[in-house]
Amino acid sequence: MDLKLSFIAFLGLFYCCFSQKEGNECITANAKYCGECIQAGAKCGWCTDPDFLRQGETVSSRCDEVQGLIKRGCNMTFIENPLGQQDIVQNKSVTNRSKGLVALKPEEITQVQPQKVSLTLRSGEPQSFELKFKRAEDYPIDLYYLMDLSYSMKDDLENVKNLGTSLMEEMQKITSDFRIGFGSFVEKTVMPYISTTPAKLLNPCTGDQNCTSPFSYKNVLPLTSDGNMFNDLVGVQQISGNLDSPEGGFDAIMQVAVCGEQIGWRNVTRLLVFSTDAGFHFAGDGKLGGIVLPNDGKCHLENNVYTMSHYYDYPSIAHLVQKLSDNNIQTIFAVTGDFQPVYQELKNLIPKSAVGTLSSNSSNVINLIIDAYNSLSSEVILENSKLPDGVTIAYTARCKNGVTNVGENGRKCSNISIGDEVHFNISITSKGCPNDGKPEIIKVRPLGFTEEVEITLNFICECDCHHQRIENSPDCHFGNGTYECGACRCKDGRVGRKCECSSNDVATEDMDRTCRKDNGTDICSNNGECVCGTCECKTRENPEERYSGQFCECDNFNCDRSGNKLCGGHGKCVCRKCVCDPMWNGTACDCSLDQSTCLAKNKQICNGRGRCECGTCKCDDPKFQGSTCEMCPTCPGVCAEHKDCVECRAFGTGEKKETCQKECSYFTLFKVKSREKLPQPNDGAYPIGHCKERDANDCWMYYTYSVTNNTENVVYVLEEPDCPTGPDIIPIVAGVVAGIVLIGLALLLIWKLLMIIHDRREFAKFEKEKMNAKWDTQENPIYKSPINQFQNPNYGRKGAVL
């Protein structure tokens, strides 16, 4: 059972140690050269000391955590551990553009700082920098109004015709540099979206309504600062019509986003107002009209009209998101209440977009645009371009009023007003050496703004000592490798620490024979590889654990353990055997040779009743116990031996009361109030003797005697002896008399009760007999009456003759 518990404890300790070391990525990388080592992790270093490796250690043993290398004897001057760095290349301060002052050109306004950063990345080591954003006052705005001109929007068009000057007046309160444009859309000009009969192509409306021919998208008015021109051009627009309810708005949004020159977008705040009272077609719906080619995301405007609606399918939502983001366009969906939930879901998929509920005749469109713009401009969201493989980016936002956002929310700050300044910490980390170490450029910018931070990523792929390498070095077996960073980097086809062997010869039987111990079958004891006839031992994840020996037959971690410690913590593990420190012995160095703990008060080892083993007494006779075999709880006479001393010290009586101070001071006495408070056998790790003895007054004394682990004699005694007392006659006599009287009374009561019951039963019987008695009223058969009676035979006859 003890062996089983020890094995379980060993497994637990092994698992614990393995778990603590499994995170050492430097060792698990099994790096063969310095560049490979430093790419394994930020804590990894490479020892270039030529004499660092011990017998049986592989070249990969040079790679370890820096502290591990120092602990193993590598001087800091020989450790290669390059660190990343950062450099701010362009750091123009953020500027203001205040009303009433000299107006700055849009390209002269700076809202993002810094503008260019160069980062040198070491694998696993993050590099961070601060990005500052400040909303500039009087920042230019371009607004493009894209309107659905299907027949259901007829009354809305009338209200939009005066939108130009009215919106200009309202936007002048926000910026002095405002431009507005207008575009319209209906649907693809193919069946089944529209009717292709000649009459319907000229006028798709029914009755006497005069409508314009259907079209997909028209750029009616490029962006302009002339509000009156907006009113004039919009005023001559006519409603058109189509057959199905969803409209082709996605085609129009795509063209507005990608046709920057025709629309006239500037590098300023770009707003797209999308106004409709219906849903939308998206990618795949074009199959209804026989259109299967995916939207190419390019501009196809000729004379300001989209000409490829019949050729390319509708764009997908993801495609629109990409193009709107690439062109810094913020979208405002002005839709009627019936479709507000649909566009709200669309807004959740398109960053930097807003949804407003349009009245039935678009009379509230100006307020809707102003509110949506304020909502969009009050939030800053950072986005980055595509990252190289193995590169990650993390954001931490420090917003207004001390608010800090981390994780995915670290990209944005809300409730930002003009003039407010917020800060973002951007941390970039690479894993390994992406793209073979070639520099990469990524960009970070706030959504909806053209300004951005250009970040150049440089990767540390090799150590500094790589540049001092010696190719075809004679130290690498006649030039079969490059001597680099204290080790040989072998040419293809060569192996070994010094590249001394051909890889074709490594596995031959002749080479393997010298790697087998005692001509056995195991190569390098299954703990290494045979390279050029020499065993190269495996490395462990824990750098302090090593295989060694000519055949890797030894290790320093498979020795016996005691107390969860290798060699009990009192020795070293050498080739699977414990070499104990002085004054320690045993297979696990857990046996102390110090006999002072076995010395009794009489200066004898174990009181002469045992032997001292590993600092503990082993009593020859099992009936003796105690740390020095000083006690025998089961020996007869133990209680009687100490009875007189206990009696005189506890109660001042007994045969030794005169000599008590002199003869009975060898133990410590404690009094308790009840027998339950006497020490029990499970109260301590030392034996306890329980005693019951009569004292001089013929009373019972209850006490315990024990010897603690500190060889101290301890006695616990009941403070009041248990003395017998004589019988009390009066209560006994009174009890007997009372008992007799009570018994007599009880007998009388029982007799009386029985008599009453008997009398009642007899009376009831009498009454019953009385009720059953009857008198016979018939004549006596022998009785004869003395009276004779006679009757005239003719009495009663009519006409009788006497």
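In this predicted model, the cover over the buried residues of helix α11 includes α9 (249-258), β14 (329-336), α12 (340-349), β16 (380-384) and β21 (440-446). Helix α11 itself spans residues 317-326, and its buried residues are His319, Leu320, Val321, Lys323, Leu324 and Ser325. After α11 comes Asn328, with a positive phi near 55°.

A positive phi was also found at a hairpin turn. Strands β23 and β24 form this hairpin with two residues between them, and Cys485, which lies in the turn, has a positive phi of about 55°. The two strands, β23 at residues 481-484 and β24 at residues 487-490, are paired in the antiparallel sense, and four bridges join them. Within this pairing, Cys488 of β24 is the residue opposite Tyr483.

Another part of the chain contains an open sheet made of three strands, in the order β2-β1-β3 and with antiparallel pairing. The edges of this sheet are formed by β2 (63-65) and β3 (79-80), each of which pairs on one side only. Strand β1 covers residues 44-47 and is joined to β2 by three bridges in the antiparallel sense.

Six cavities of 30 Å³ or more were found in a search of the whole structure. The largest cavity holds about 160 Å³ of space. It is lined by 16 residues, and those closest to its centre are Ser61, Arg72, Thr539, Arg540 and Arg546. The lining of the largest cavity comprises six charged, five polar and five nonpolar residues.

For the second largest cavity, the volume is about 110 Å³. Its lining consists of Gln111, Arg135, Ala136, Asp138, Tyr139, Ile174, Thr269, Gln330, Tyr373, Ser377, Ile418 and Phe449. By class, the lining of the second largest cavity has six nonpolar residues, together with four polar and two charged ones. Among the residues of this lining, the charged class is represented by Arg135 and Asp138.

Conventions
Residues numbered from 1 in each chain as written. Predicted model: local features only at pLDDT ≥ 70, side-chain atom pairs only at ≥ 80, totals over all residues. Heavy atoms only, no water. 1 Å grid on protein atoms, 1.4 Å probe; cavity = no way out; pocket = protein on both sides within 12 Å on 5 of 7 lines; lining within 4 Å. Points joined across faces, edges and corners; volume = space filled by probe spheres on them. Pairing = 2+ DSSP bridges. Buried < 20%, exposed > 50% of the residue type's maximum accessible area, 1.4 Å probe, protein only. Contact = heavy atoms within 4.5 Å.
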